[in-house]
Amino acid sequence: LSVRRLATQQPETFAFTPASAEMARWWMAKYPVERRQSAVIPLLWVVQKQEGWVSEPAIRAIGEMLSMPRIRVYEVATFYTMFHLAPVGRHHLQVCGTTPCMLRGAEDLKAVCRKRFGGQFEVSSDGLFSWEEVECLGACANAPVVAIHDLYHEDLDAVSFEGRIDALARGDVVPPMSALKRQGSAPDGGPKTLNSPELYDGSLAAPIRLPNRPQPQPVES
Ligand code: FES
């Protein structure tokens with residue numbers, strides 16, 4: 001369990017950008033006025049997308065927008081680990097450490113993060129990177145997985161992971177994909193089984209002899 005507290009260093013104020021304010025209004029309009037507080041999670045997400053994290057002034061602003069006590073917003077923000085309560089790097093690496101990823105090499109990926117960036121949530125000196133270990137990202141068939149900007153980089157090992165970090169540091173666009181270049185969770189190297197056409201045209205099927213059905217008689221010519 002991680003301790004969930006607001007960062008000790010907080011900005012004085014928070015303001016939605018026009019685009020974020022519009023997105024917040026869009027979410028709020030999904031709920032009846034008397035149920036407006038239901039938009040608290042989307043609004044926290046909007047804030048995080050704008051700022052990279054959720055600050056205490058932002059929590060206050062959301063409380064005012066939704067006419068709810070700020071402590072209620074705080075409770076939600078501190079409960080869900082998807083909300084960052086302190087600034088993160090421009091590229092925040094979420095390394096899955098749950099069992100399938102751990103068995104497939106997540107420890108090596110965490111070692112890369114520790115070596116390059118220090119402990120979890122430490123922001124690199126250039127402000128570019130930070131990392132954290134997260135629970136199952138739901139893509140276990142492609143373990144180990146790292147989410148960067150909410151998109152999945154799969155089948156990583158230390159070398160391919162460092163390659164992506166180097167590319168991000170250069171400012172390159174690093175598209176999310178399997179390091180093995182497999183399609184989705186298809187087998188590495190293409191289909192390994194059930195790839196014979198005879199399996200699908202019926203020619204491999206053994207004739208079925210049903211005991212209660214008369215067998216076809218040869219046709220005399
Ligand atoms: S255990 Fe890592 S994606 Fe499920």
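Predicted model: local features only at pLDDT ≥ 70, side-chain atom pairs only at ≥ 80, totals over all residues.

Modeller: Residues are numbered from 1 along each chain as its sequence is written, and side-chain values use heavy atoms, with hydrogens and water left out.

Colleague: How are α1 and α2 oriented to each other?

Modeller: Helices here are DSSP runs (H or I, at least four residues), numbered from the N terminus. The axes of α1 (residues 18-28) and α2 (residues 40-51) come within 9 Å and cross at roughly 165 degrees. Axes are lines fitted to C-alpha atoms over the stretch in contact, with angles from 0 to 180 degrees between N-to-C directions. Angles over 145 degrees count as roughly antiparallel, so α1 and α2 are roughly antiparallel.

Colleague: Which residues of α2 make the contact with α1?

Modeller: Contact means heavy atoms within 4.5 Å. From α1 come Ser20, Met23, Ala24, Trp27 and Met28. They meet, in α2, Pro42, Leu43, Val46 and Gln50.

Colleague: And how are α2 and α3 oriented to each other?

Modeller: Their axes come within 10 Å and cross at roughly 140 degrees. Angles under 35 degrees count as roughly parallel, over 145 as roughly antiparallel, 65 to 115 as roughly perpendicular and the rest as oblique. Therefore α2 and α3 are oblique.

Colleague: How many nonpolar, polar and charged residues are in the contact of α2 with α3?

Modeller: Val40, Leu43, Leu44 and Val47 in α2 meet Ala58, Ile62 and Met65 in α3. Ala, Val, Leu, Ile, Met, Phe, Trp, Tyr, Cys and Pro count as nonpolar, Asp, Glu, Lys and Arg as charged, and the others, Gly among them, as polar. The count is no charged, no polar and seven nonpolar.

Colleague: Which helices do the buried residues of α4 pack against?

Modeller: Buried means under 20% relative accessible area, with a 1.4 Å probe and protein chains only. In α4 (residues 70-79), Val73, Val76, Ala77 and Thr78 are buried. They pack against α2 and α3 (56-65).

Terms used: Helix = DSSP H or I, 4+ residues; strand = E, 2+ residues; numbered from the N terminus. Buried < 20%, exposed > 50% of the residue type's maximum accessible area, 1.4 Å probe, protein only.
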